[in-house]
Amino acid sequence: MDVFATKGYAATTVDDIARAAGASAATFYLHFRRKVDVLVASVEDEARSAYSAAGALWPAGQPHTREELRSWAERLFMHWKQLGPSQRVMGQARLVEPELGAFHARRLQEGVEYWEGFLRDVGARGGSRRRAEAAVLNALFVGLFEMWIVAEVPLEQGPLADLVADELWRRVERFGGGRRS
């Protein structure tokens, strides 16, 4: 990822990647078919680590509070700050690698499913309305990430965490507090 971030996606070669890894191009090809495969693997690892670093949004067996949601947002945002370079590289790569459109669409779909699970857990009824609300929540997070982390629009983390917690808590209150049986 450092090579991509330094040279740009299009200018980076397999030899550059292999050299940075202390390997040969032949070794690269034992693990990957193309440089885009390295990028996809890296971005997928980063996405998994972001949610792992933030922890469960709605942990079982714990009190459900607005403060818990704010704390989750703070942890997520701290991890997001590390992802800017790789996401800017991904933006460059999408211009020259057509199959990344499908990868991006799959990640957006996974985000909608994640938020649909949250809404289910806080008591929202199933169906198209819940799915639409999950899409709106996903758009909020994707848009915030794109603006703050990728485009580097200067924003303060504290107020963002407060507003995200407020948005999520409104849903918790609207759907009955997310009590689990």
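Predicted model: local features only at pLDDT ≥ 70, side-chain atom pairs only at ≥ 80, totals over all residues.
Q: Is helix 5 oblique or roughly parallel to helix 8?
A: The two axes come within 11 Å of each other and cross at roughly 45°. Angles under 35 degrees would count as roughly parallel, and the crossing here is roughly 45°. That makes the pair, helix 5 and helix 8, oblique.

Q: What is the hand of the crossing of helix 5 and helix 8?
A: Helix 8 covers residues 128-150, and its axis crosses that of helix 5 at roughly 45°. The hand of this crossing is right-handed.

Q: How are helix 5 and helix 9 set to each other, oblique or roughly antiparallel?
A: Helix 5 spans residues 66-80 and helix 9 spans residues 157-174, with axes 8 Å apart and a packing angle of about 135°. To count as roughly antiparallel, the angle would have to be over 145 degrees. Helix 5 also passes helix 9 in a right-handed crossing. With that angle, the two helices are therefore oblique.

Q: How many charged residues does the contact of helix 5 with helix 9 have?
A: On the helix 5 side you'll find R66, L69, R70, W72, A73, E74, F77 and M78. Helix 9 answers with Q157, G158, L160, A161, D162, V164, A165, D166, L168, W169 and V172. Sorted by class, there are 12 nonpolar and two polar residues, and the charged ones number five.

Q: Are helix 4 and helix 7 roughly parallel or oblique to each other?
A: Their axes come within 12 Å and cross at roughly 15°. The crossing is right-handed. Angles under 35 degrees fall in the parallel class, so helix 4 and helix 7 are roughly parallel.

Q: Which residues of helix 7 make the contact with helix 4?
A: From helix 4 come V36, L39, V40, V43, E44, A47 and Y51. The contact divides into nine nonpolar, no polar and three charged residues. Helix 7 brings L100, F103, R106, R107 and Y114.

Q: What is the volume of the largest pocket, and which residues are the closest to its centre?
A: The volume comes out at about 760 Å³. There are 29 lining residues, and the closest to the centre are A47, Y51, Q87, R107 and V142.

Q: Which helix gives the most to the lining of the largest pocket?
A: Several helices supply at least two residues each: helix 4 (35-54), helix 5, helix 6 (84-96), helix 7 (100-121) and helix 8. By class, the lining has 16 nonpolar, five polar and eight charged residues. The most, nine residues, comes from helix 7.

Q: How many helices and strands does the protein chain have?
A: Read from the N terminus on, the elements go α-α-α-α-α-α-α-α-α. The C-alpha atoms fill a box of roughly 55 × 35 × 30 Å along the principal axes. The count is nine helices and zero strands.

Methods:
Residues numbered from 1 in each chain as written. Heavy atoms only, no water. Axes fitted to C-alpha atoms, helices over the stretch in contact; angles between N-to-C directions. Helix = DSSP H or I, 4+ residues; strand = E, 2+ residues; numbered from the N terminus. Parallel < 35°, antiparallel > 145°, perpendicular 65-115°, else oblique. Left-handed = near helix turned anticlockwise from the far one by under 90°. Contact = heavy atoms within 4.5 Å. Nonpolar A, V, L, I, M, F, W, Y, C, P; charged D, E, K, R; others polar. 1 Å grid on protein atoms, 1.4 Å probe; cavity = no way out; pocket = protein on both sides within 12 Å on 5 of 7 lines; lining within 4 Å. Points joined across faces, edges and corners; volume = space filled by probe spheres on them.
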